[in-house]
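Subject: Structure for you to look at

Dear colleague,

Please find the structure below, together with the sequence. My notes on it follow, and I would be glad if you read them with the model open beside you.

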Amino acid sequence: MNSRERVIAAINHKEPDRIPIDFGATGQTGINVCALYRLRDYLGLPKKDVDVFEVIQMLGVVDEDLRQIMKSDVIGLNHPEDSMGVPDTGKKKKFIMPDGTPCLLNAGNEWDVDPDGSIYMYPQGDRSAPRSVKMLDHGYFFNIIDRAPEYDEDNLTPREDFKNFFSVMSDETAKYYENESKRLYDETEYAIIGNLAGAGFGDPGAIPAPFEKHPKGIRKFDDWVAAQLMYPEYVEEVFEMQTEYMLKNLQIYKDAVGDRIQIVWISGTDFGTQNGPFMSKDLFEELYKPYYRRVCDWVHNNTNWKTYIHTCGAITTLLDDIADMGVDIVNPVQLSAKGMDAQLLKDKWGDRLVFWGGGVDTQHTLPSGTPEEVAAQVTERLPVLSRGGGYVFNTIHNIVGDTKAENIWAAFHAVHEYNDRHFGRQG
Amino acid sequence: MSEILEEISSLLQKGRAPKVKAAVQQALDQGIPASTILQDGLLAGMDVVGAKFKNNEVFVPEVLVAARAMNKGVEVLRPYLVSDGVEEKGVAVIGTVKGDMHDIGKNLVRMMLEGKGLRVIDLGVDVAPETFVDAARENGAQLVCCSALLTTTMPEMKNVVDAVNASELKGRVKIMVGGAPITQEYADEIGADCYTPDAATAAEAALHLCEQMSA
Ligand code: B12
């Protein structure tokens with residue numbers, strides 16, 4: 001099997017010839033630029049400025065040389081605009097991380113370094129708008145700044161507030177997706193995940209809109225969470241609007257990429273916390289499920305793609321609904337959260353949901369364990385998670401900036417060794 | 001207990017802010033002392049919400065709206081509490097440590113502490129160690145509460161402990177820590193005084209610490 005066939009088998013719940021691996025294909029299975037730079041060095045790869053594909057979390061582009069060493073089977077079809085709303089014109093600008101890691105951002109980005117060493121960026125590179133994100137003098141990523149003015153609860157205007165938040169895909173973007181999907185499909189053997197997004201209903205990382213110049217309305221995360229109960233009509237109106245845009249964009253996207261992608265990444269809304277779900281099952285079913293269902297139904301009625309969502313945390317109470325609403329693949333499978341037991345997940349939902357992630361605990365083991373502990377944990381989890389297919393290996397969420405290169409390598413190398421041991425050595 | 005106080009508690013649990021406000025006013029009109037309304041109406045309601053949250057019977061949205069309703073009620077009571085000379089049960093400063101912007105957990109802890117009758121000064125997110133110390137000094141706080149959700153920002157908690165110990169507040173304030181990656185072991189290692197895994201337990205522990213310190 002080649003990589004694409006391997007992933008296709010896994011996401012169709014068939015056992016592939018080895019456990020497939022994702023390294024850096026999405027905005028939640030990636031690696032911070034600082035960790036990436038050190039990993040390249042550790043593996044003896046040439047030093048180079050790291051291209052950034054997600055600015056706020058400072059995720060680095062994984063180049064082909066590294067992708068091969070990590071044996072990733074998946075590649076992402078990424079948005080031509082970064083998370084600050086700046087398009088990739090091919091021109092880049094150097095950005096130095098506080099720890100010295102050299103990176104390249106889309107040239108349209110604008111930032112300031114304050115006297116205390118903090119770095120601030122402007123939305124869409126527009127210096128006339130208020131700065132929307134901040135990186136500390138020793139930080140690894142940007143923090144989003146709350147900018148929305150107070151809202152008037154007696155006069156809520158959801159469509160007006162979110163009118164610059166959603167947009168219909170431009171012809172230019174569609175053309176980019178068409179060409180890029182052809183390139184990835186024809187020139188590589190990787191499985192392709194289309195990082196479309198657009199159905200992240202109520203995503204805490206998106207609501208404050210660091211890419212918008214002047215966000216308005218209910219945008220602070222706790223206001224938003226409370227609004228779900230206090231002003232459900234507001235939230236519903238935003239979700240309705242979002243669904244309308246998403247369905248339009250799906251059609252344009254489908255016309256552009258056809259069946260060259262195998263998976264579509266639609267949502268990164270977190271429904272779980274460390275100790276339990278963010279919300280009751282009732283609220284999820286009322287407020288979220290119907291909109292997700294419309295999006296997933298469209299995908300299944302019109303394409304061969306599998307639907308993929310990312311949600312952290314303890315979500316066992318919501319997984320029936322998540323499977324039921326048409327989600328095929330769930331990431332990051334946070335086994336360190338309460339009740340998220342690998343065996344239980346496989347037993348109860350393994351035939352309906354593909355688990356993508358879960359490979360190593362990124363809250364304790366990966367950052368503070370020894371390489372041996374990391375490898376041992378991966379090796380222990382693999383047989384449980386990969387039983388019957390329906391599994392793609394990744395760490396739990398992005399690899400954060402200060403993670404030791406030897407631990408990252410230990411995690412991925414443990415999968416290589418497991419695969420060699422169980423399925424025979426591969427070239 | 002009087003009917004109106006039960007009513008306040010139950011409205012608060014449902015997050016019905018305007019109704020809580022009206023009911024608190026009604027209780028005042030009936031001549032019930034402000035401190036009783038606070039304790040047996042508002043705080044009693046918040047206690048129930050905290051316990052249910054801990055048991056995963058209600059979730060973050062319900063706690064947030066209940067806390068907003070509590071605040072509306074407290075607003076009505078405040079002038080009476082002040083003129084009656086009702087004392088707060090303790091003072092805490094709280095914030096999410098430097099470099100971290102996760103604030104939902106911190107906000108819930110603040111609300112639950114307020115739900116126990118403590119005065120809480122919320123320093124927001126991305127809070128430097130000196131800011132914790134300065135705020136604790138200015139407000140005469142007994143507790144410094146730090147929240148961190150990231151393994152990359154957890155070490156900031158140690159810096160807060162060190163900053164407190166380097167100041168004259170050493171031994172006069174207690175440091176509480178929490179957030180998803182924090183464990184009892186970690187709290188011990190950095191010399192924090194108290195760790196709890198959830199907001200309801202945090203509030204009980206905070207009250208207990210304040211009582212101990214004033215005893
Ligand atoms: C929501 C969320 C976000 C939101 C935050 C929005 C906001 N305004 O808060 C957004 C999307 C912006 C975000 C961003 C990021 N996040 Co985040 N996020 C989460 C998530 C899903 C839930 C956190 C939450 O709100 N929980 C709800 C509250 C109620 O729970 P809690 O905070 O744990 O608090 C409870 C207890 O811990 C305790 N408590 C909390 N504080 C205190 C304090 C004291 C004194 C005490 C006693 C108790 C106590 O009481 C609370 C209530 O019971 C977690 C997943 C998880 N497992 O926790 C990831 C998570 C924390 N994020 C993570 C990461 C990596 C990030 C990012 C770096 C980006 C990324 N994804 O790569 C950025 C960094 C942003 C920054 N600069 O801080 C990782 C951290 C991993 C690690 N290595 O530590 C997690 C664990 C996700 C994961 N599965 O890997 N995130």
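Accessible areas in these notes come from the Shrake-Rupley method with a 1.4 Å probe, and for residues only the protein chains shown count as cover. On that basis chain B exposes about 9000 Å², of which carbon and sulfur atoms supply 49%.

Please keep in mind that this is a predicted model, in which local features need pLDDT of at least 70 and side-chain atom pairs count only at pLDDT 80 or more, while totals for chains, interfaces and linings use all residues. Residues are numbered from 1 along each chain as its sequence is written, chains are lettered from A and ligands numbered from 1 in the order in which they are written, and side-chain values use heavy atoms, with hydrogens and water left out.

The model scores ipTM 0.90 and pTM 0.95. For chain B, the pLDDT (the predictor's confidence in each residue, from 0 to 100) averages 94, and 100% of the residues score at least 70.

Chain B has nine helices and five strands, where helices (H or I, at least four residues) and strands (E, at least two) are DSSP runs numbered from the N terminus.

Thr96(B) lies in strand β1 (residues 91-96) of chain B and is buried, with a relative accessible area of 0%. Leaving aside neighbours within four places in sequence, its contacts (heavy atoms within 4.5 Å) include His102(B), Asp103(B), Val125(B) and Ser147(B).

In chain A, Trp111(A) is found in strand β6 (residues 111-113) and counts as buried because its relative accessibility is 18%. Not counting residues up to four places away in sequence, Trp111(A) touches, among others, Lys93(A), Phe95(A), Tyr120(A) and Arg127(A).

Key. Buried means under 20% relative accessible area, exposed over 50%, partly exposed in between (1.4 Å probe, protein chains only).
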